[in-house]
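Have a go at each task before you read on.

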Amino acid sequence: MEYRYDIRNIAIIAHVDHGKTTLVDALLKQSKIFRDNQTMGELIMDSNTLEREKGITIMSKNTAVIYRGVKINIIDTPGHADFSGEVERVISMADGCLLLVDSVDGPMPQTRFVLRHALKYGLKPIVVINKIDRKTSRIKEVLESTQDLFLELATSPDQLDFPVLYASAKAGTAVTEPGMVGKDISPLFDCILERVPPPRIESGPFQMLVSNLDYDSHKGKIAIGRVWRGKVHPHDPVVSISADGSLSYSEVNQVFTYLGLKRLEVDEADTGDIVAITGVGDIGVGDTIASRESPEVLPRIEIGEPTVEMTFSINTSPFAGREGRFVTTRQLRERLYRELSTNLSLRVQDAGTSDSFLVKGRGELHLAILIENMRREGYEFEVSKPGAITKLVNGQLMEPMEAMTIDTKVKYVGVLTEMLSKRQAQMTNMCHDDSGNVRLEFRIPTAGIIGFRSGFLTATRGDGIMNTIFIGYEPWHGAIVSNRSGVLVAAEEGVAVTYGINNAQGRGFTFIDPGTLVYEGMIIGLNSRPKDIAINVCKEKKKTNVRSSTADIAIKLVPPVKMSLEQAIDFINGDELVEVTPQNIRMRKKPLSRAQRSRGYLAVPKNVTA
Ligand SMILES: Nc1nc2c(ncn2[C@@H]2O[C@H](COP(=O)(O)OP(=O)(O)OP(=O)(O)O)[C@@H](O)[C@H]2O)c(=O)[nH]1
Ligand SMILES: [Mg+2]
């Protein structure tokens with residue numbers, strides 16, 4: 001057997017925020033592929049605008065560095081469970097992985113998910129206990145629980161023989177023994193060269209699996225993936241094999257390999273390397289590109305099922321068409337179906353009506369990112385409350401379940417367990433430390449998580465972190481009734497004024513500033529009572545001739561509660577919608593007029609989570 005000793009392919013995997021992208025920064029900076037005077041910034045791989053804004057990785061991405069003459073192809077992956085599909089998509093490109101574990105948090109639910117996945121694909125793991133600079137780090141315990149995790153997940157004894165390094169990705173240092181003082185990241189580089197197997201050379205006709213697609217306005221679609229067999233050159237005639245087995249013939253235009261943040265155009269790329277090629281037009285992630293002489297398909301990428309669904313429809317509010325560039329059903333359909341070629345864990349189908357679509361994803365955030373991207377591209381549409389995807393198995397209704405981990409203060413345990421028990425959650429574990437911190441673990445139906453996030457943040461006053469991960473289907477636990485209060489609804493169309501909003505504030509919280517355009521049925525606040533009430537926020541104070549010494553004192557409004565897109569999606573009930581445009585995120589009742597609302601029109605989705 002021959003190997004390419006000049007290459008290593010590694011994926012960096014971990015739970016969210018354990019420091020993957022920061023570690024890639026350190027690997028890039030210290031591999032000296034940048035000139036000394038070049039400033040690089042932080043979290044360089046989180047290059048997408050939403051990633052930078054949110055400080056999380058959303059898409060898996062490739063880079064490469066050279067260390068001691070060996071090219072290390074690095075794949076940075078997201079750690080948030082909603083983007084698990086991104087890990088599944090790219091993991092097969094690698095021969096080894098760096099499993100990062102935060103030295104305070106220890107292994108978390110997503111650590112288990114990504115490790116199980118990496119082991120399934122036979123990746124050689126290197127454990128990196130990260131953030132050892134943190135004052136509260138518990139290196140010994142974290143290492144023990146990581147070893148336990150391996151014992152549980154390993155499928156062969158050799159998977160238990162993994163090296164462990166201790167790192168501060170932020171400081172750019174790694175050491176081989178705890179307690180050693182680190183000076184740079186080279187121990188990790190050395191470990192990668194030593195322990196990650198080099199790719200095996202498979203000679204024969206060219207064959208690659210497409211793990212990612214990019215788009216360039218000049219070059220067109222760019223297919224990215226690992227070459228599994230043979231070599232590829234510019235102008236090679238190739239065939240791509242899609243999910244349904246159909247073949248499409250084309251010619252490679254350019255071939256690139258990775259170095260740092262750049263792609264280098266090359267005359268030849270060989271087996272084992274990760275390449276980007278242009279010219280292969282009609283292609284999706286998961287497809288095989290092969291030489292025409294031997295068009296054999298590679299195993300398709302396995303992607304987990306979506307668990308949450310929402311309806312996307314054209315905007316039907318009275319303000320429809322005013323703010324978006326793309327507003328028609330045709331445009332909405334085209335955009336949603338286009339997303340499928342890269343967003344592998346997403347599903348789209350035409351819903352019951354001609355102008356709405358059922359979009360299924362791996363969680364609320366997965367769908368919210370799609371919505372936010374579309375809104376920024378100029379789309380205008382409306383979305384429903386998300387629902388868990390139930391299914392019938394042998395005549396029994398089954399629903400998705402999640403493991404939920406909450407890290408917070410002991411003083412919030414009472415209120416959280418009460419809120420969660422109403423949502424059919426069962427506590428499975430609780431552990432304290434000496435400083436008033438607690439970790440709670442629950443099993444909870446996905447339906448119980450929907451609409452919980454905002455209540456969670458309020459209940460813990462922002463001092464809580466919640467993580468959830470899909471664990472499988474179980475028989476339906478029963479309806480989860482929303483205990484949100486009623487909403488304050490605008491009574492008529494117009495411009496909201498201070499006086500009107502002040503009236504509304506007598507009833508509860510408001511969401512809008514004076515000067516906001518509103519329409520009848522638009523949600524402008526949260527009532528302090530269970531029922532919805534309509535309020536005329538456009539109403540001016542009556543002018544009188546009588547002078548009063550107090551009447552003209554300026555009204556001081558409480559600042560409005562401004563909701564983000566994710567918060568709005570989490571907030572609405574089954575008979576409400578979020579209206580999304582490039583400029584605004586509005587919430588509304590489905591029935592807009594008072595007459596319709598009072599008729600008790602109620603559109604409860606089939607999962608009965610309203
Ligand atoms: N103290 C300390 N903080 C770190 C270290 N490494 C990363 N961080 C911080 O942890 C946070 C998350 O880091 P990221 O690199 O974005 O984590 P990630 O694993 O890429 O996160 P996702 O891609 O969203 O899953 C950032 O605020 C980093 O500055 C470290 O070694 N020590
Ligand atoms: Mg990241």
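Helices here are DSSP runs of H or I with at least four residues, strands are runs of E with at least two, and both are numbered from the N terminus. The model is a predicted one, where local features need pLDDT of at least 70, side-chain atom pairs count only at pLDDT 80 or more, and totals for chains, interfaces and linings use all residues. Residues are numbered from 1 along each chain as its sequence is written, chains are lettered from A and ligands numbered from 1 in the order in which they are written, and side-chain values use heavy atoms, with hydrogens and water left out.

**Exercise 1: the shell around ligand 1**

Step 1. Start with the neighbours: a residue is near a molecule if one of its heavy atoms lies within 4 Å of it. Ligand 1 has 18 residues around it, and Lys20, Thr21, Thr22, Thr57 and Asp133 are the closest.

Step 2. Now look for the helix.

Step 3. Sort the shell by class. Ala, Val, Leu, Ile, Met, Phe, Trp, Tyr, Cys and Pro count as nonpolar, Asp, Glu, Lys and Arg as charged, and the others, Gly among them, as polar. That gives 4 nonpolar, 8 polar and 6 charged residues around ligand 1.

Step 4. Check the polar contacts (pairs of N or O atoms within 3.5 Å; within protein, one must be able to donate a hydrogen and the other to accept it, and residues adjacent in sequence count only if both atoms are side-chain atoms). A polar backbone atom of aspartate 17 sits 3.1 Å from an oxygen atom of ligand 1. Threonine 57 uses a polar side-chain atom, 2.7 Å from a ligand 1 oxygen, and serine 168 also has a polar side-chain atom 3.3 Å from an oxygen of ligand 1.

Step 5. Finish with the area, using the Shrake-Rupley method with a 1.4 Å probe (for residues, only the protein chains shown count as cover). On its own, ligand 1 exposes 650 Å², and 85% of that is buried by the protein.

**Exercise 2: the magnesium ion**

Which protein atoms are the donors of the magnesium ion (ligand 2)?

Step 1. Donors are N, O and S atoms within 2.8 Å of the metal (3.2 Å for Na, K and Ca); water is not among the atoms, so sites may look incomplete. The protein donors are OG1 of Thr21 and OG1 of Thr57, lying 2.0 Å from the ion.

Step 2. Judge exposure: buried means under 20% relative accessible area, exposed over 50%, and partly exposed in between (1.4 Å probe, protein chains only). Threonine 21 is buried because its relative accessibility is 6%, and threonine 57 is buried at 9%.

**Exercise 3: cysteines**

How many disulfides does the model have?

Step 1. A disulfide is a pair of cysteine sulfur atoms within 2.5 Å. The count by this rule is 0 disulfides.

Step 2. Take cysteine 97 as a case.

Step 3. Is cysteine 97 buried or exposed? Its relative accessible area is 1%, so cysteine 97 is buried. Cysteine 431, at 37%, counts as partly exposed.

**Exercise 4: positive phi**

Describe where lysine 131 and arginine 461 sit, and what their phi angles are.

Step 1. Recall the background: most residues other than glycine have a negative phi.

Step 2. Lysine 131, not a glycine, has a positive phi of about 65°. Lysine 131 belongs to the loop between β5 (124–130) and α5 (139–153), and is partly exposed at 22%.

Step 3. Arginine 461, also not a glycine, has a positive phi of about 45°. Its loop runs between α11 (453–459) and β25, and arginine 461 is exposed because its relative accessibility is 70%.
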